[in-house]
Amino acid sequence: MQIKFMWQKLFGTNNPKAILAYWTVAIVWGSTYLGLRTCALHMPPLLAGGIRYTIAGVLLVILVLIRKQSWPNQPRHVKNAAIQGICFFLFSNGALIWSLQYMEAGVSSLLLTTTPIFTALLDSCLPNGLKLSRKGWIGMLVSCFGIFLICRPSMVYGSVSVKGLIGLFASAIIWGVGSLLAARTPASGSLWSNIAIQHLSGGIALLVISRFLYGSLAFQADWAVIGSILYLIVFGSIVGYSAFMYLVHHMAPAKAMTYTYINPLVPIALGGVFLGEHISSGIVWGGIVTLFGVTLVQSARTYHTKQAGFKKKAV
C-alpha cells in the first residue's frame, strides 16, 4: 500500500505501464541527443530526420499489419494523427536537430527542460486550460534566470549560439503545442497505428523539404552516422516515442512532462565522454536553477490538475 501511495503521489497514477513509459522516455530520449548531435554535424540535419522518421514509420506500419491492430476509422482521425506528426517531427524535432549544428548536446538538453513551461503557458491560454498561479509565474521567472546563467558562460565556450537558441525554443514551444493537441484531439484505432501515421507524415514532410533545400537526398555517411540513425529509429522513434504517446494519454500532462527533468543528465554525461563537450560551473548552476523553476511551474499546475480532475483518453 505504501509503494502504491508513493507512485500515486509522484506520478498521479498507479498504472505500472504508465510509470514504465515515463522512465523509458526520461532515459531513452535523453540518450538520443548524442545521436542527433552526431547526425547534425556530419550530414544535412533535416535529411537525417526525414530518413529516421520515414523508416521508423514504415517499420511501424509493418508492425501494425503483423499484429493486426486497428487503424483510425474516420478520415478526421487520420488527419489529426498526420497533423500531430507534422507538428512533432517536421517543426519541433526538425528545429531541434537543426539547432544541434550550433549547440552542444548537454546544453541543448538543459535548455529544453523549459518545454513544460511553454506547455503550461500555452495550456493557460486555452479556454478549458489550466491557468498559471502566482507560484507558476514565479517559477517561470526563476527558470528565465537559470537560462541566463546557462547561456552567459556557454557563449564563451561556443556551446550556445543565437541561431541555436532560436531553434531550441521554437522546438520547445511547438512540442508543447503538439502535446496539447495529442491530449485533446479525438482519435481512434490502436496506439501503434496512430504513431505510424505520425512518423510517416512528419518523415515524408522532412524529406520533401530536404529535397527542396539541399537539391538532393543523397548524402555521405560514416558508420558513426549510420549507427546514430539506426539507434534513433529503434530507440528514439519506435521505443521512446511509443512510450511518450502512451504516457500523454495515461498520465496528467503536468506530471508527464516532468520527464524533461531527467533527460539532461544522460546527454551531459555522454556528451562529455564521447564528444568532449565542456561543462562549466555556470552550466551546472544554471541547470539547477532552471530545473527548480520548472519544478515550481509543474507543482503549481499539478495542484490545479487535482482540483479540476484529469480525464484519461484512450487512443
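Helix axes are taken here as lines fitted to C-alpha atoms over the stretch in contact, with angles running from 0 to 180 degrees between N-to-C directions. The model described is a predicted one. In these terms, helix H3, spanning residues 45–66, packs with helix H9, spanning residues 191–214, at an angle of about 150 degrees. The two axes lie 7 Å apart. Because angles over 145 degrees count as roughly antiparallel, H3 is roughly antiparallel to H9. The crossing of this pair is left-handed. Sorted by class, the residues in the contact of H3 with H9 comprise 21 nonpolar and eight polar ones, while charged residues are absent.

These two helices belong to a chain that contains 13 helices and zero strands. The chain has 315 residues, of which 54% count as buried. Its accessible surface amounts to about 14400 Å², and carbon and sulfur atoms account for 71% of that area. Among contacts between residues at least 6 apart in sequence, 90% join residues at least 24 apart.

Ser-109 is part of helix H5, which covers residues 105–111. Its relative accessibility is 1%, and Ser-109 therefore counts as buried, the cut-off being under 20%. When neighbours within four places in sequence are left aside, Ser-109 is in contact with Tyr-33, Pro-264, Pro-267 and Ile-268.

Terms used. Residues are numbered from 1 along each chain as its sequence is written. This is a predicted model: local features need pLDDT of at least 70, side-chain atom pairs count only at pLDDT 80 or more; totals for chains, interfaces and linings use all residues. Side-chain values use heavy atoms; hydrogens and water are left out. Helices (H or I, at least four residues) and strands (E, at least two) are DSSP runs, numbered from the N terminus. Buried means under 20% relative accessible area, exposed over 50%, partly exposed in between (1.4 Å probe, protein chains only). Contact means heavy atoms within 4.5 Å. Angles under 35 degrees count as roughly parallel, over 145 as roughly antiparallel, 65 to 115 as roughly perpendicular and the rest as oblique. A crossing is left-handed if the near helix is turned anticlockwise from the far one by less than a right angle, and right-handed if clockwise. Ala, Val, Leu, Ile, Met, Phe, Trp, Tyr, Cys and Pro count as nonpolar, Asp, Glu, Lys and Arg as charged, and the others, Gly among them, as polar. Accessible areas come from the Shrake-Rupley method with a 1.4 Å probe; for residues, only the protein chains shown count as cover.
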